[in-house]
Amino acid sequence: MNRPMPPVCTAGERPMLEAMLDWYRAGVLSKVAGMSQADATSTPLPSPTTAAGLVKHLALVEDFWFTVGIGKAAIPEPWAGVDFTVDPDWEFRTATEAPLAESVALYVQACERSRAVNANHSLDDIGTDRRGDFTLRWVLVHMLEETARHLGHLDILRELADGTTGE
């Protein structure tokens, strides 16, 4: 699990943001690669957090911020049919009921949709949600933070599960 840092330390703003986000996305996939279903759905913490749930959650937030927020498209399945006001942790709960590969596939597909939206918008393009307006630039920075934070959680869950460590 040793992933070299992308060579973007002197890149422009957009290439740097995109490369760093893709580096963290790859880290998410690396952390769960080869993980058993039992380990991916185990809850070694007092919360219901699982590795599979974090991957599915990251797929949801990719679609929410990029596809819906910036792309202004309808949220795709499986999210479209979910009432998150009734079941706010739906993605975490249902990730334990399906193979890890399904959560990984959802994440990979959501990231591809996000990249397509990103490629078709400028950093200053505006998206909106119930809280207000935001730019694509803000979404990229927010997704860097969100993905990095949950990658750290995955790092801990993986080490607790089977002792695997490293980037």
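Predicted model: local features only at pLDDT ≥ 70, side-chain atom pairs only at ≥ 80, totals over all residues.
**Entry 1: helix α1**

I checked the length of α1 next. Its 20 residues should span 28 Å at 1.5 Å a residue, and the end C-alpha atoms are 29 Å apart, so the two values agree. Just after α1 I noted G34, which takes a positive phi of about 80 degrees.

**Entry 2: α1 against α6**

Two packed helices are described by the angle between their axes and the distance between the axes. I looked up both for α1 and α6. The angle is about 25 degrees, and the axes are 9 Å apart. Angles under 35 degrees count as roughly parallel, and α1 and α6 are therefore roughly parallel to each other. The crossing of α1 past α6 is left-handed.

I listed who makes the contact. From α1 come E13, R14, L17, M20, L21, Y24, R25, G27, V28, S30, K31 and V32. From α6 come L136, R137, L140, V141, M143, L144, T147, A148, L151, L154, D155 and R158.

**Entry 3: L140**

L140 sits in helix α6. Is L140 buried or exposed? Buried means under 20% relative accessible area; L140 has 1%, so it counts as buried. Leaving out residues up to four places away in sequence, L140 touches L17, L21, F66, N118 and L123. I also looked up the pair L140 and W65. They are 75 residues apart in sequence, and their C-alpha atoms are 9.0 Å apart in space.

**Entry 4: helix α5**

α5 runs over residues 100–119. I read 29 Å from its first C-alpha to its last, close to the 28 Å expected for 20 residues at 1.5 Å a residue. The buried residues of α5 are L100, S103, L106, Y107, A110, C111, S114, V117 and N118. Why do I say they line one face of the helix? Seen down the axis of α5, the buried residues fall within an arc of 135 degrees, so they line one face. The face turned away from that buried side carries the exposed residues A101 and A119.

Which helices do the buried residues of α5 pack against? I found α1 (13–32), α2 (37–40), α3 (51–70), α4 (90–95) and α6 (136–162).

**Entry 5: α3 against α5**

I took α3 and α5 as the next pair. They pack at an angle of about 25 degrees, and their axes are 8 Å apart. That angle makes α3 roughly parallel to α5. α3 passes α5 in a left-handed crossing.

The α3 side of the contact is A52, V55, K56, L58, A59, E62, D63, F66, T67 and I70. The α5 side is L100, S103, V104, L106, Y107, A110, C111, R113, S114, V117 and N118.

**Entry 6: the loop between α2 and α3**

I looked up two residues here. T50 is found in the loop between α2 and α3. T50 has a relative accessible area of 0%, so it is buried. Setting aside neighbours within four places in sequence, T50 is in contact with A40, T41, S42, T43, T96 and L157.

P44 is found in the loop between α2 and α3 too. At 43% relative accessibility, P44 counts as partly exposed. With neighbours within four places in sequence left aside, P44 is in contact with T49, L157 and L160.

**Entry 7: the loop between α3 and α4**

I looked for backbone points to flag. K72 lies in the loop between α3 and α4. K72 has a positive phi of about 55 degrees although it is not a glycine. Its relative accessibility is 56%, so K72 counts as exposed.

P78 is in the loop between α3 and α4 as well. The peptide bond from E77 to P78 is cis, and I noted omega near 10 degrees.

Conventions. Residues numbered from 1 in each chain as written. Heavy atoms only, no water. Helix = DSSP H or I, 4+ residues; strand = E, 2+ residues; numbered from the N terminus. Expected span 1.5 Å × (residues − 1). Buried < 20%, exposed > 50% of the residue type's maximum accessible area, 1.4 Å probe, protein only. Arc of directions from axis to C-beta. Contact = heavy atoms within 4.5 Å. Axes fitted to C-alpha atoms, helices over the stretch in contact; angles between N-to-C directions. Parallel < 35°, antiparallel > 145°, perpendicular 65-115°, else oblique. Left-handed = near helix turned anticlockwise from the far one by under 90°.
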